[in-house]
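Visitor: I would like to learn how to read a protein model one feature at a time. Where do we begin?

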Amino acid sequence: MLARMAKARRTRPSLYFSVDIEADGPIPGPYSMLSIGAAVAGRQDADGYTAADPEENTFYRELRPISTDFVPEALAVSGLDRERLRVEGAEPEAAVRDFTAWVRDAAAAAGAQPVMCGYPAAYDWTFLYWYLIRFTGESPFGHSGCLDMKTLYAAKAGLPLRAVAKGTMPRHLLSRRRHTHHALDDALEQADLLTNLMTWPGPGLSRP
C-alpha cells in the first residue's frame, strides 16, 4: 500500500485542455479545420483534481481552408465563411504551431503533462492530431493524450456509451454556458463539464 502511494505521488500531474474545433466535413485532408478553441480546464495530481477558471487561459484561431471541398451542412453548423477565411484565415502551420506553443507554455507553468479533452473527443481529436502531425510533425499531447468526456460520464454513471447524451446527464453536471458552435465558446462550456465530471462522485452520491 505504501509503495503504491509513493508511486502515485511520483506520477507527473496532468493539465487538461478543453478543445473544440469546427470543420467543413467529416475527415481531415479532404476537408478543413476552420477554427480551434481551447481553454485550460484544470490540473490533476495524486491529491486529486483542481479546477481552473477556463476564461483565464484560452486560445482561438480561425484557419485558412486547405482544400476546395466542403460539406454544406457541416459548414453551416459553424456559421463560418470559407471565402473570408481564404483571405483572412491563419495559415494552418502557423496556427497549429501557435497552439502547440500555448499548450506547452501552460503545461510547463503548471508542472504537468498536457491532455486534450473534448465532448465527444473523437471528432475534434481526429482533426487536431492530423493537423498537428501534418503541419508540425509532432503533437504536444503525444499520440494518446486524449480524454473523452462522454466515455468518462458513461464509466462513472455505469451506462453503455451509446446511451449517453448531454440530455441524459443530471443538470448539475452541465455548464450554464450556451453551446454556440463557436469553437472557443464551446471549449469553455466543455471545460465546465469536465470539472463537474471530474469532481462528481457518481449517481449514487449525486446531489438531488
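Guide: Begin with accessibility: a residue counts as buried under 20% relative accessible area, as exposed over 50%, and as partly exposed in between. The model shown here is predicted. His 181 has a relative accessibility of 31%, so it counts as partly exposed.

Visitor: Is Glu 56 buried or exposed?

Guide: Glu 56 is exposed, because its relative accessibility is 68%. This residue sits in the loop between strand E3 (48–51) and strand E4 (58–62). From Glu 56 to His 172 the distance is 23 Å, C-alpha to C-alpha, and the two are 116 residues apart in sequence.

Visitor: Is Gly 89 buried or exposed?

Guide: Gly 89 has a relative accessible area of 13%, so it is buried. Its place is in the loop between helix H3 (82–88) and H4. Leaving out residues up to four places away in sequence, Gly 89 touches Glu 62, Leu 63, Arg 64 and Arg 84. Gly 89 and His 181 are 92 residues apart in sequence, and their C-alpha atoms are 18 Å apart.

Visitor: What does the side chain of Ser 139 reach?

Guide: That side chain reaches the backbone nitrogen of Phe 141 at 3.1 Å. A polar atom of the Ser 139 side chain also lies 3.0 Å from the backbone oxygen of Gly 142. Ser 139 is in the loop between helix H5 (121–136) and strand E6 (146–148). With 12% relative accessibility, Ser 139 counts as buried. Apart from residues up to four places away in sequence, Ser 139 touches Arg 104, Trp 125, Tyr 129, Leu 132 and Ile 133.

Visitor: How should I read backbone angles?

Guide: Most residues other than glycine have a negative phi, and most peptide bonds are trans. In this model, His 181 has a positive phi of about 70° although it is not a glycine. His 181 is in the loop between helix H6 (149–157) and H7.

Visitor: Which residues does a cis peptide bond join?

Guide: The cis bond joins Tyr 119 and Pro 120, with omega about -25°. Pro 120 lies in the loop between strand E5 (113–118) and H5.

Visitor: How is a pocket found?

Guide: Rolling a probe the size of a water molecule over the atoms shows where empty space is left. The largest pocket here has a volume of about 230 Å³. Its lining includes Tyr 119, Pro 120 and His 181, and also Asp 20, Ile 21 and Glu 22.

Visitor: Which element gives the largest share of the lining of the largest pocket?

Guide: E1 does, with three residues. Strand E1 (14–23), H5 and helix H7 (183–198) each supply at least two residues of that lining. By type, the lining divides into four nonpolar, three polar and five charged residues.

Visitor: How many residues does the largest nonpolar core have?

Guide: That core has 26 residues, and those with the most contacts inside it are Phe 17, Val 19, Ile 36, Phe 99, Trp 102, Leu 128 and Phe 141. E1, strand E2 (33–45), helix H4 (92–110) and H5 each supply at least two residues of this core. A second, separate core of 21 residues includes Ala 41, Leu 152, Ala 157 and Leu 194.

Conventions: Residues numbered from 1 in each chain as written. Predicted model: local features only at pLDDT ≥ 70, side-chain atom pairs only at ≥ 80, totals over all residues. Heavy atoms only, no water. Helix = DSSP H or I, 4+ residues; strand = E, 2+ residues; numbered from the N terminus. Buried < 20%, exposed > 50% of the residue type's maximum accessible area, 1.4 Å probe, protein only. Polar contact = N/O pair within 3.5 Å; in protein donor to acceptor, adjacent residues only side chain to side chain. Contact = heavy atoms within 4.5 Å. 1 Å grid on protein atoms, 1.4 Å probe; cavity = no way out; pocket = protein on both sides within 12 Å on 5 of 7 lines; lining within 4 Å. Points joined across faces, edges and corners; volume = space filled by probe spheres on them. Nonpolar A, V, L, I, M, F, W, Y, C, P; charged D, E, K, R; others polar. Core = buried A, V, L, I, M, F, W, Y, C linked by side-chain atoms within 4.5 Å.
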